[in-house]
Amino acid sequence: MPNAISGFSKLTKSEKIEWLLDSYFTDKETARQLVKQYWNTDKKLQKLHDEFIENTITNYYLPLGVAPNFLINNTLHTIPMAIEESSVVAAASKAAKFWFDRGGFKAEVISTTKIGQVHFTYNGDFEKLNAFFEIVKPKLVSDTSDITRNMKRRGGGILDIELRNKSEELKNYYQLHATFETLDAMGANFINSCLEQFATTFKTEAKENLDGDLDIVMSILSNYVPNCLVRAEVSCEIEDLKSKDITNPELFAQKFKQAVNIAEIEPFRAVTHNKGIMNGIDAVVLATGNDFRAVEAGVHAYASRNGKYSSLTHCSIDNNIFKFWIEIPLALGTVGGLTSLHPLVKFSLEMLEKPSAKDLMQIVAVAGLAQNFGALKSLTTTGIQEGHMKMHLMNILNQFEATTEEKNQIVDHFKTNVVTHSAVVEAIENLRS
Ligand code: MEV
């Protein structure tokens, strides 16, 4: 174990790497080579990446794949997906093509309101606090005018500020609960800057005009955005579900709906069901430079909004129509943040024909729905492993450093054989002996 180090962030990149190698690695030269192998030869591009975070030592690659044939509200999209899991892009592409042949996806943005809170304590009378808040509220807004000017010009800004009394749940605890419209920006910086200004104004005014102690605890946006909602759906007549893999559409629809119903009532299943949805959502969120941790946190909170963790998708069969839909909160941006900085994010957004934040909400929701459709279709018919292991085959072959010739022969072999880890190992050994 190395000694604790101070001033690490002030070291040069090479010094940081050398410290790491000395502290943790036995084969220092191999580790050094590896780190450097992932540096970009374009120094300007590397510097850009170095400066995204502190203490960058190298780059960490994820594949950027694309899933074509997504027909959304009658517009055709090719969706960029940054993800490492073998079968995700393949499943998305397959689901996209399936629904392309059946009229595509319909999506709509239901609402776009974002939330931020100033959390504070106050040890006086609530009625007095409330009266003070009503008087100071216009000043809270006007003091942010420098921050909100551009956003307001574009049609967004602060929507409202409420005083919320939480003192029954936590002694002396209150909030300024503010709502915002941030248009095409995810809005985290905008919201946090407004909130910090609210806090400063509120505290200053309270000192002069309110009896009792008022202390600001913190000011921060909420990643729970139940009023920044998007809905996506697919539907068709049950008969039209018929395809190469679905020979009995009536049975398929019933089993599929049952799988969704299970995820609606059973949290152990709902978590995995929703994880599959997030395979699609996170991959697009990441490719478009958005904050997938914020999206994850908000989506899972939404999945628990009725007091029990539940499915994000739903299914109905009425009058012979199969309908499958998702409704999720998504706070996304297509301007600001990484969107104009990371070259591959710019590339992804151009591929999506420069979407507005609302367009991107619809595309991301569709990616989640498509992913869930693909997973449930496999789970309720062939089982998940058949498709998954086919895609995972390449990972196993790469672990064994198979040559191109070996890969071709083994992939051929497994076109008609079941892929398991041991079967692949056996096939490699047979080929090599
Ligand atoms: C695997 O990444 C995702 C699935 O487990 C999702 C699901 O079970 O619905 C296949």
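**Entry 1: the largest pocket**

I started with the lining of the largest pocket, whose residues divide into 22 nonpolar, 17 polar and two charged. For these classes I count Ala, Val, Leu, Ile, Met, Phe, Trp, Tyr, Cys and Pro as nonpolar, Asp, Glu, Lys and Arg as charged, and the others, Gly among them, as polar.

A note to myself before going on: this is a predicted model, where local features need pLDDT of at least 70 and side-chain atom pairs count only at pLDDT 80 or more, while totals for chains, interfaces and linings use all residues. Residues are numbered from 1 along each chain as its sequence is written, and side-chain values use heavy atoms, with hydrogens and water left out.

I looked up the volume of the largest pocket and found about 1,500 Å³. Its lining has 41 residues, and nearest its centre lie Phe-52, Leu-286, Leu-338, His-342 and Val-345. The elements that give two or more residues to this lining are α3, α7 (188-209), α9 (267-287), α10 and α11. Of these, α11 gives the most, with four residues.

How I define the spaces: on a 1 Å grid over the protein atoms alone, a cavity is a set of points where a 1.4 Å probe fits but cannot get out, a pocket is an open set with protein on both sides within 12 Å along at least five of seven lines, and lining residues have an atom within 4 Å of a point. Grid points are joined across faces, edges and corners, and a volume is the space filled by probe spheres set on the points. Helices are DSSP runs (H or I, at least four residues), as are strands (E, at least two), numbered from the N terminus.

**Entry 2: the second largest pocket**

Next I turned to the second largest pocket, with a volume of about 960 Å³. It is lined by 34 residues, and the closest to its centre are Ala-91, Gly-374, Ser-378, Ile-384 and Gly-387. Two or more residues of the lining come from each of α4, α9, α12 (357-379) and α13. Here α12 gives the most, with eight residues. By class I noted 10 nonpolar, 15 polar and nine charged residues.

**Entry 3: the cavities**

How many cavities of 30 Å³ or more are there? I found two.

The largest cavity holds about 50 Å³ of space. Around it I listed Asn-223, Val-225, Ala-294, Val-295, Gly-298, Pro-329, Leu-330 and Ala-331. Helix α10 (residues 292-303) supplies the largest share of that lining, three residues. Six of the lining residues are nonpolar, two are polar and none is charged.

The second largest cavity has about 30 Å³. Its lining is Lys-114, Met-186, Leu-221, Ser-222, Asn-223, Val-225 and Ala-331. These divide into four nonpolar, two polar and one charged.

I checked the length of helix α15 (residues 421-432): at 1.5 Å a residue its 12 residues should span 16 Å, and its end C-alpha atoms are 17 Å apart, which agrees. The expected span is 1.5 Å times one less than the number of residues.

Which residues of α15 are buried? They are Val-424, Val-425, Ala-427 and Ile-428. Seen down the axis of α15, these fall within an arc of 160°, so they line one face of the helix. The arc is that of the directions from the helix axis to the C-beta atoms. An α-helix has 3.6 residues a turn, so residues three or four places apart point the same way.

The face of α15 turned away from the buried side carries the exposed Ser-422 and Asn-430. I use buried for under 20% relative accessible area, exposed for over 50%, and partly exposed for in between (1.4 Å probe, protein chains only). The cover over the buried residues of α15 includes α13 (385-399) and α14 (404-413).

In helix α3 (residues 43-50), I found Gln-46, His-49 and Asp-50 buried. They cover an arc of only 105° around the axis, which puts them on the same side of α3. Their cover includes α1 (13-24) and α11 (343-351).

**Entry 4: two single residues**

Thr-148 sits in helix α6 (residues 145-153). It counts as buried, at 4% relative accessibility. Leaving aside neighbours within four places in sequence, Thr-148 is in contact (heavy atoms within 4.5 Å) with Ile-158, Phe-190 and Cys-194.

Ala-96 belongs to helix α4 (residues 88-100). Is Ala-96 buried or exposed? Ala-96 is buried, with a relative accessible area of 0%. Not counting residues up to four places away in sequence, Ala-96 touches Pro-68, Asn-69, Phe-70 and Phe-105.
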